[in-house]
Amino acid sequence: MAETHRNLILKGMAASEGIVAGPAFVMTSVRLPIPRRLLTEEQAPEEIERLRAALREAVSELEEVKKEFGDRFAKEAFYIIDAHSLLIQDQALWAEVEQKIREGRINAEWAVRKTIDEWLKAFASLKDDYLRERGHDVELVCERVLDKLVGHQEKDLRKIQEPVILVAHDLRPDQTAQMFFSKVLGFVTDTGSRTSHTAIVARSLEIPAVVGLEQVTRVVEDGDVIILDGVEGNVIVNPDDDLCSSYLQKKAEWESVNKLLEEYATPPSVTQDGRCIQLCANLEILDEIHFLPKYGAEGVGLYRTEYLYLNRADLPNEDEHFENYRRLAEAVAPYQATIRTFDLGGDQFVGEPRLGGATEEINPALGLRAIRFCLRRPEVFKAQLRGILRASAYGKIRIMFPLISDLNEVLAAKRMLQESMSELDREGIKFDPELLIGIMIEVPSAALLAERLAEEVDFFSIGTNDLIQYVLAIDRVNEYVSYLYQPLHPAVLWMIKRTVEAGHRAGIEVAMCGEMAGDPLLLPVLIGMGMDQLSMPARLIPKVRKVMRGLRVSELTPMVEELLKLSTVEDIRNRIKGLIEKDWAEAYRMEPGKKPDLAGVFLCQKSDQTQ
Ligand code: PEP
Ligand code: MG
């Protein structure tokens, strides 16, 4: 083993949770050189035929992968493969290559290379991260075709028979899927982000992964020992004994806490004195749905439908909305799924040409975002509303409008929903006429108007990620002010309390689906305020449920009254900390004999998952 690095710690992004260690298997990105030849006029048609044959071969290879995986995975993994198939069949791309062969009289490989370089330059100049990332898909697809043309045989990951950690510059989503059938323990890559296709598939298949390491293929060699920490997003190369044992301990602790928490992976979610509070999951992509039973999620409290925009060049149409939500409703049965209508704009999918150019805003968080965007683009909104309504005939679905700041927005959204219902009625298409309608309370004006808004809807869901941002005037994605992002700020607590009371006075359910809902250290406050449902990333549910079972509402309600008399975050935090250590130690003890678990400590900064 050429051991050039010892104890080297590389920082990347945690794309898929888990801690694993093993020898590195480096997928070299060394490819066969791309030959350059000049053609005669007569040779050009032959060369074009050779290109087309390579394209056909590449498509059928992808079809094979799909067939092989059968219906083992949810459809999202296939969307990605389909998106690559579509690119291989993209007229514009390959017409350009053919033109270069015909008019430039150059061989197919060289024409492909030249075309990719031009396309990549165009993608690289795009401002939007998501779209820039799609340039990468073009590159992956072209490399697949180039491999066919130059006769490069790529490594078949299913044939890896040793437990290894795969190290690659990047992986295609279909390659990631292949790992499911191999001995690969996890993978690390130079490129990628949490929303890159590869990361999405890794999460869906629970393959631990760290991405975006930039240099990992340069510094790691075959056989180096690697620790992959998919919890923190770190990769440790050739750790010494001390580092190894500290990671082994971290892994053991992580696993043992997870194991112990399995006991709490089944409902009911109930306090010691018998108050039931539903614990639901937040979903970004439908693939995550198969984790719900594993963690005992009692439904989906927030489905962030913006991610339907992934892996595609156009907008989802009504049928696609319908299909997606129908599958959600069926998978989540007998529980209920809360579908949030698009929250596009703001920090999500900014600069999207598909959104019609509502883009270059100075303050996107205060701009044409979420319900404001939907009301401005009725045709985009209608397709989604009709899709949701049609799916409501197949399971328990409720609809939720984001970023409501005014009664008129609720009335306008309800009018459009009503219009869609009347249309479906006329067309003889079934839907649930009793579909519950809710709004997110995430703007201070909505919290202040909660009483009035409650008359118009069936439930509230408090989106604390935004509520905190708007109450405290702190940009939730700006790392310079993140220290001010305080869920326990008295002003935030007052807003939440006001919302819950207004909801309950009107007899409607009040849920919370911001990150705050999944922080066990904030749970006493949320229970004390009377929250009916908490929705969070699914894997957090067992821990929250465990703590909940050790708390008593009868003690928490008066505690909240006391907390609200305090004036600073510090005072509030110290009071809760003191109570945990003194009165609720058992509820917070994750392992027998250990101290109460105070990890996370009230900061509950927004996780990168939702940024
Ligand atoms: C929130 O704002 O708390 C929320 C749940 O929505 P998002 O994080 O998607 O803005
Ligand atoms: Mg929000």
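Colleague: Which strand and which helix each supply at least two residues of the shell around ligand 1?

Modeller: Strand 10 (300-304) and helix 17 (464-472). Keep in mind that this is a predicted model. Helix 17 gives the most, with 3 residues.

Colleague: How many residues surround ligand 1?

Modeller: The count is 14. The closest are Arg304, Glu442, Gly463, Asn465 and Arg476.

Colleague: What classes are in that shell?

Modeller: There are 7 charged, 4 polar and 3 nonpolar residues.

Colleague: Which side chains put an N or O atom 2.9 Å from an oxygen atom of the ligand?

Modeller: Arg340 is one of them. Asp466 has a polar side-chain atom 3.0 Å from a ligand oxygen.

Colleague: And how much of the ligand's accessible area does the protein cover?

Modeller: The protein covers 99% of it. On its own, ligand 1 has 290 Å².

Colleague: New topic: helix 13. Why is it described as largely enclosed?

Modeller: Of its 14 residues, 12 are buried, so the rest of the structure largely encloses helix 13. Among the buried ones are Phe381, Leu385, Ile388 and Leu389. Lys382, Arg386 and Arg390 are buried as well.

Colleague: What do those buried residues pack against?

Modeller: Three helices: helix 11 (318-332), helix 12 (370-376) and helix 14 (407-427). They also pack against strand 11 (336-340) and strand 12 (396-401).

Colleague: What span should helix 13 have, and what is it in the model?

Modeller: At 1.5 Å a residue, residues 378-391 should span 20 Å. The end C-alpha atoms are 20 Å apart, which agrees.

Notes
Residues numbered from 1 in each chain as written. Chains lettered and ligands numbered in written order. Predicted model: local features only at pLDDT ≥ 70, side-chain atom pairs only at ≥ 80, totals over all residues. Heavy atoms only, no water. Near = heavy atom within 4 Å. Polar contact = N/O pair within 3.5 Å; in protein donor to acceptor, adjacent residues only side chain to side chain. Areas by Shrake-Rupley, 256 points an atom, 1.4 Å probe, with all protein chains shown as cover. Helix = DSSP H or I, 4+ residues; strand = E, 2+ residues; numbered from the N terminus. Nonpolar A, V, L, I, M, F, W, Y, C, P; charged D, E, K, R; others polar. Expected span 1.5 Å × (residues − 1). Buried < 20%, exposed > 50% of the residue type's maximum accessible area, 1.4 Å probe, protein only. Contact = heavy atoms within 4.5 Å.
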